[in-house]
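Biologist: Please take a close look at the ligand site for me. What surrounds the ligand, and what touches it?

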Amino acid sequence: MPQLAYVDGRMVPLRDAMIHVEDRGLQFADSLYEVCAILNGRLLDWPGHLARLRRGLAALFIDFPMSDAALGIVARRLLAVNGQREGLLYLQLTRGSARRDHGFPTTPSPSLIMTVRRFDFAQRVRQQATGVSVVTVNDMRWRRVDLKTTGLLANVLAKQDARAAGAFEAWLVAEDGTLREGSSTNAWIVKDGRLLTHPLSESILPGIARSALIDLARGAQIAVDERPFSLAEALAADEALLTSTTAPLLPVVRIDGQAIGTGTPGPVAARLAPLVWDEIERQTGWRA
Ligand code: PDD
């Protein structure tokens, strides 16, 4: 059975899944996307992903006719036809194809594509024992990175810098020294037992895993401050962490080669990790 993708109403073999050369997602990054975890054949935090997509559509004035219920049916059908029980669902919604012109087409016809692929979440549980390292780079992105658009070139270049340095992630630092987030993850530090993460604003993505961790931490009486912090504060922190759909919680033990705290995963990360995986199990039944 070949892998199937969803393209504008049809399930097609992945190798034949095509979008037009004049699609505005391709030509202008005039499109939004979501990446959602599939665990035990279920979608994690699906309502949160849908809400973020809807917010993006409204901000970009993309009028998309499918209901949330219909989107859910298509997504779950794609998991089912591919027999995908542990992996990632990728969803992209573009303003559609039209003769190239910066202004919106007069009668736009948005395109929706979805694909699934396998992803090994248990590796993330194992990585918790050692933690990961990050490097820092200048945040070169545009001013509305709260919108999950496919305009990811600055993120791509940042991730490549991380790869070249042998690091897991690149953390993006603003001109004023504020540490914003990672190229595809949200960033956290721990100081004196309190968790710190950048507040929601136009300069970070409102991560679904970020929001989940805030709720879980507060539920466990761990204080969370949503406030900007600098790279200098991060280097002097007791612990550091990152979160995303593809890494629900990972301790960061080195920033730019410098050890954070003891240079090993710390006690706050150790307290949070079981909360994160228990919540995933509660929603999906998945256990490493
Ligand atoms: N990345 N910040 C950025 C810039 C991101 O691209 C992502 C997600 C996150 C974390 O968001 P969430 O918790 O909703 O996954 C933060 C996805 C996974 C990606 O582009 O592959």
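Modeller: The shell around the ligand divides into five nonpolar, nine polar and four charged residues. Here Ala, Val, Leu, Ile, Met, Phe, Trp, Tyr, Cys and Pro count as nonpolar, Asp, Glu, Lys and Arg as charged, and the others, Gly among them, as polar. The model is predicted: local features need pLDDT of at least 70, side-chain atom pairs count only at pLDDT 80 or more, and totals for chains, interfaces and linings use all residues. Numbering starts from 1 along each chain as its sequence is written, and side-chain values use heavy atoms, without hydrogens and water.

In total, 18 residues surround the ligand (a heavy atom within 4 Å). The closest are Tyr33, Arg52, Glu181, Ile208 and Thr245. Domain 1 (4–119) and domain 2 (124–284) each give at least three residues to this shell; the bounds come from an automatic or database domain assignment.

Now the polar contacts (N or O pairs within 3.5 Å). A polar side-chain atom of Thr245 lies 2.6 Å from a ligand oxygen atom. For Arg52, a polar side-chain atom lies 2.8 Å from an oxygen atom of the ligand. Ser184 uses a backbone N or O atom, 3.3 Å from a ligand nitrogen atom.

Technical notes
Polar contact = N/O pair within 3.5 Å; in protein donor to acceptor, adjacent residues only side chain to side chain.
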